[in-house]
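This briefing goes through a single protein chain for a reader who works with coordinates. Please keep the sequence and the structure open while reading the points below.

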Amino acid sequence: MRKAHDFWRKNLAKSLAIASVIGITSGSALAQSITIAEGWNLKGSALDGVNVSTTFNNSNIATVWGWQTANQKWSAYSPSTTMSSKLSAAGIDSLATINAGQGFWINASTNIGAVTLSGTAPSSANLQLAKGWNLISPIGKSFVAASEFTHPTTYASVWKWSNNDWETYSPNSSTAQRLRDAGFRKLATIAEGEGFWVNTLHAAGVTPPMPATHKEMSLAPILPSRIDTINVITDGTKKHVELTLSIDDYPRDSVRAEFTMAMWDNDKKTWVSMLQQSVGTPPAQTRVIRGGNLRLEGATAIKRNNGVFSAILVGAGSNYGGANPIDFSNGPVWNTAASANIDSYASTDSADYRSYVQGIMNNINAYSWNNNTVYRVAVTSRTNADQPERFNALAYFKGDGTVVNDPAAAGVRVIDMASCTKCHGERMNLRAHGAQRHDPNVCTNCHNNFTFDRSASSKTAGGWASLSMTTIAHKIHAGIPGYTVDGKPFEQVRFPDHTFRRNQQSVGDGYKQQTKNCVACHIGDVPAVNTSWNTVSVNACATCHTPENLKSRADAKFSFHDNAFNSTLANSCTGCHDGATAKTAAGYHGVDSAVTLTKLRNRYVFDVIRVKNPVAGETAEVEWGIKDTQTGNYLNLMTAQYDTTDAVRVGIGWGNGNDWVNDGFNKRTNGADGDTFYVSAFGNSTLNADSTKAITSIANIPTTATAGRNGYVAVYMGSEDTAKRLTVGTTSGVQLNTITRTFTLAKSDITTLGERRKVVDIAKCNDCHGSTGRHGTFANNDINGCVSCHNAGSLSRSGSIIQGTVDMMYLMHAIHSIGEKRGEFIRRYAASNYAGHTQPNSILDCTACHVNDSHKFPIDFAKRAGVYADSPDSGVNAPMASVCYSCHQNTADTTANTGLKTHMSRLGLNTNMFGTGTHKGYFDNPEGETSCISCHFKN
């Protein structure tokens with residue numbers, strides 16, 4: 001549970017204008033009682049003139065904080081003279097008086113209990129609110145949030161701190177849903193004596209004062225659920241479907257649910273929705289056909305009986321036949337008679353267009369109930385403020401009611417959840433449809449060959465844009481310029497797989513990506529010739545290979561395929577495209593060879609046997625080899641074919657405590673810093689008798705590498721030139737992974753080598769990226785290969801747009817938080833600002849990358865060094881500031897960002913918090929740590 005708050009940063013540098021007045025019944029009292037618990041308390045006064053020093057002169061109270069709305073400043077009081085001096089030195093105004101309607105924070109070291117506020121009755125019970133954030137309290141009565149703050153154009157959100165967590169309310173339904181998705185409890189009432197925040201006239205979004213400890217995930221948890229029984233009921237000639245559902249840990253006896261159902265067409269390899277509807281509002285949109293859903297909520301919500309929920313698929317309102325069980329005997333069912341009428345789509349349009357639409361409708365209507373066909377029904381939670389829990393339950397069955405326990409064995413296409421969760425997280429952080437559908441197999445019940453995009457379609461023959469799962473998944477992940485789904489842009493999506501490296505394909509804003517690795521999503525070994533996704537067809541290929549002028553068409557394809565598309569060539573691309581050895585999608589993309597390279601890269605590894613005399617003033621020796629992890633044998637370094645000039649580099653590095661900084665030797669000529677003190681292995685090495693080991697000498701170790709410091713060795717391939725890569729057997733171009741090993745700097749022969757602490761799991765990096773590497777090196781086995789240069793002592797080159805740290809922690813936080821916390825992250829070149837990056841999971845889910853609780857505060861200064869603020873001359877940020885600023889830098893608002901820096905350096909009660917410290921200084925004296933956790937992360 002979150003037990004602290006981060007209100008300072010959220011409220012600095014806001015310009016205020018009086019915006020609204022809330023009328024409140026007046027109240028009058030000369031004394032008011034509030035209760036103070038241990039930790040942070042958000043309280044309020046109904047009295048004017050409450051003397052703070054008299055009321056809160058208690059040694060168990062650390063601080064009392066008030067918000068000056070007019071001046072946009074905090075004021076504070078502490079009964080401790082030491083803390084008072086620190087507050088004064090930090091420029092914090094003294095909090096002397098609290099008046100009626102003002103909220104205030106109290107930080108107490110223990111449960112104090114009742115405290116009496118003494119003052120005078122206010123002349124008015126009205127509260128004036130300013131644009132932005134207001135810290136207020138009721139006067140004379142309790143507030144019902146839904147009654148007092150009803151206008152979404154006036155109030156963005158309301159926040160109350162209760163039981164060490166936030167309760168929230170928003171009159172804006174979209175914001176309210178996002179708050180529920182984020183796991184915040186719904187705010188109902190605010191009593192006199194309770195303080196609360198109101199964010200007014202901020203309809204564009206909400207950035208509330210949140211606890212500093214992040215929630216583990218921004219979405220409500222997924223409850224395990226299952227369809228226990230399926231019953232196909234035959235009523236004369238009619239066919240109805242009945243089921244029972246179990247939802248683990250679901251707390252209520254009634255559930256809002258959404259049903260979808262589809263049948264499998266084994267000839268066309270597509271699902272066909274059994275619930276059909278029409279969508280689109282002309283003239284802005286084209287009316288099209290789309291797979292439908294059945295919503296049972298309110299009076300029709302399904303009820304629990306003897307521990308399970310039971311339901312029969314019945315119509316709702318005027319849809320699907322009203323309150324009667326839906327009859328599937330004639331195949332797919334249209335929600336209304338209008339949806340099944342051609343005139344709803346093409347009443348007065350051309351004959352060609354009417355024929356085109358009628359053809360689609362005829363194809364759907366041609367299906368009928370078949371006892372041997374496989375069907376799938378899915379039940380999804382209809383989440384809202386009162387039912388935030390998410391669940392998806394699916395079941396497969398034949399038309400005769402037989403349950404299909406192994407649909408894949410029955411020839412049905414089933415998406416492996418791991419295809420999506422390895423990047424999007426176990427909770428599937430997908431915002432489509434309110435994040436209610438986290439199982440992609442639910443998606444294909446509707447997103448199949450008979451579902452179309454109302455916003456991208458046109459009223460021309462062949463002009464309906466497909467919303468099949470194949471089409472939208474391929475196009476979204478390909479980041480095709482201008483591509484939209486239902487009017488929402490997706491060209492900003494960047495496919496994270498780097499199996500083919502990340503600089504092969506340019507799109508939109510200049511970001512480089514490569515989307516050729518089919519098995520990044522289609523899990524399985526290649527060549528996988530017989531799998532359906534690997535079959536080449538114009539339909540499949542055109543989902544990615546789309547000319548700009550046809551990017552929205554359902555049959556988007558190159559113009560010279562027009563004739564082939566409706567002929568026998570449609571599924572015989574190999575008749576013309578015969579360049580690949582394997583005539584499959586993976587074969588044409590070169591996936592086989594790329595995956596082979598990755599497997600060899602991970603099989604053959606650098607191995608460090610010993611390090612001798614790695615200390616200042618000495619010539620260090622590093623003995624290393626290349627080991628086959630399958631056989632345990634070492635390769636002959638003379639017959640392993642690579643260019644000997646700069647193929648392998650060996651370096652020594654060092655740091656403070658358990659972190660690395662590599663201080664004390666000259667930067668590169670371009671101003672970049674942080675590299676190991678390295679040499680090219682060849683020309684500086686001798687080989688043993690059988691040439692399986694090399695001993696590389698590194699002369700003149702710098703004076704800062706003093707005995708006793710934390711040291712490490714790194715062995716890595718040092719060039720992106722393919723001529724300088726390893727050849728293994730008949731496979732050339734193998735670039736090995738970097739290896740790092742740790743030790744203590746000393747003048748001795750060191751044979752016991754360790755590993756740096758494990759902060760992230762490299763397997764999690766590879767899940768998304770396929771292969772992790774840059775600069776011609778790879779780190780598939782050990783992410784610390786990247787950290788060997790991208791450490792706390794690193795800087796980008798002096799010719800960068802912005803020279804600053806390129807520490808691995810900072811890089812990863814900054815890049816992965818774009819779109820959620822940051823607007824951009826710029827190093828190197830203007831076109832490389834990473835603005836197109838989109839995190840497929842959520843930056844709030846720290847465990848998507850982190851392991852061993854390495855993401856948790858407080859920071860151990862012996863393990864995490866601070867980073868350079870901006871340049872070599874600007875000094876080092878405190879470790880705490882380094883971590884927080886990596887995500888929370890405000891790249892869009894210079895004034896707000898200056899306020900954030902001010903908070904880190906001044907409100908942190910330590911002038912060294914931002915940019916004026918040193919690595920050694922923070923390691924020797926972690927003074928900033930205690931001042932931060934006095935407010936943040938306090939347990």
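**Overall picture**

The protein exposes about 39200 Å², of which carbon and sulfur atoms supply 49%, with accessible areas taken from the Shrake-Rupley method with a 1.4 Å probe, where for residues only the protein chains shown count as cover. The model is a predicted one, so local features need pLDDT of at least 70 and side-chain atom pairs count only at pLDDT 80 or more, whereas totals for chains, interfaces and linings use all residues. Residues are numbered from 1 along each chain as its sequence is written, and side-chain values use heavy atoms, with hydrogens and water left out.

**Confidence**

- The average pLDDT of the protein is 80, and 82% of the residues score at least 70; pLDDT is the predictor's confidence in each residue, from 0 to 100.
- Confidence is lowest in strand β1 (residues 18–22), with a mean of 24, and highest in strand β46 (residues 749–750), at 97.
- Over residues 503–511 pLDDT stays under 50, and the model has 22 contacts beyond four places in sequence for them, a contact meaning heavy atoms within 4.5 Å.
- Residues 562–570 also stay under 50 in pLDDT, and for these the model has 10 contacts beyond four places in sequence.

**Composition and packing**

- The protein has 21 helices and 48 strands; helices (H or I, at least four residues) and strands (E, at least two) are DSSP runs, numbered from the N terminus.
- Of the 939 residues in the protein, 54% are buried, where buried means under 20% relative accessible area, exposed means over 50%, and partly exposed lies in between (1.4 Å probe, protein chains only).
- Among contacts in the protein with a separation of 6 or more, 69% join residues 24 or more positions apart.

- In helix α10 (residues 469–478), the residues Thr 471, Ile 472, Lys 475, Ile 476 and Ala 478 are buried.
- Seen down the axis of α10, these buried residues fall within an arc of 165°, so they line one face of the helix; the arc is that of the directions from the helix axis to the C-beta atoms.
- An α-helix has 3.6 residues a turn, so residues three or four places apart point the same way.
- The cover over the buried residues of α10 includes β33 (465–466), β34 (484–485) and α11 (538–542), and just after the helix Gly 479 takes a positive phi of about 60°.
- In α18, 9 of the 10 residues are buried, so this helix is largely enclosed by the rest of the structure; among them are Met 880, Val 883, Tyr 885 and Cys 887.

**Aromatic rings and charges**

- The structure holds 29 aromatic pairs, counted when rings of Phe, Tyr and Trp (its six-membered ring) have centres within 6.5 Å, with planes under 30 degrees apart taken as stacked, over 60 as edge-to-face and the rest as tilted.
- The ring centres of Phe 665 and Phe 677 are 5.3 Å apart and their planes stand at 75°, so the pair is edge-to-face.
- Phe 665 lies in the loop between β38 (648–655) and β39 (677–680) while Phe 677 lies in strand β39, so the pair ties together parts that are 12 residues apart in sequence, and both residues are buried.
- One aromatic cluster is formed by Trp 40, Trp 105, Trp 159, Trp 161, Trp 166 and Phe 184.
- Arg 376 lies over the face of Trp 271, at 4.0 Å from the ring centre, and the charged end of Arg 756 sits over the ring of Trp 660, 5.2 Å from its centre; the criterion is NZ of Lys or CZ of Arg within 6 Å of the ring centre and within 35 degrees of the ring normal.

**Backbone details in loops**

- Pro 282 and Pro 283 are joined by a cis peptide bond with omega of about 0°, and Pro 283 is placed in the loop between β24 (275–279) and β25 (288–291).
- Asp 486, in the loop between β34 and β35 (488–489), has a positive phi near 55° although this residue is not glycine, and at 18% relative accessibility Asp 486 counts as buried.
- Asp 853, found in the loop between α17 (808–816) and α18 (879–888), has a phi near 55°, again positive in a residue other than glycine, and at 48% relative accessibility Asp 853 counts as partly exposed.
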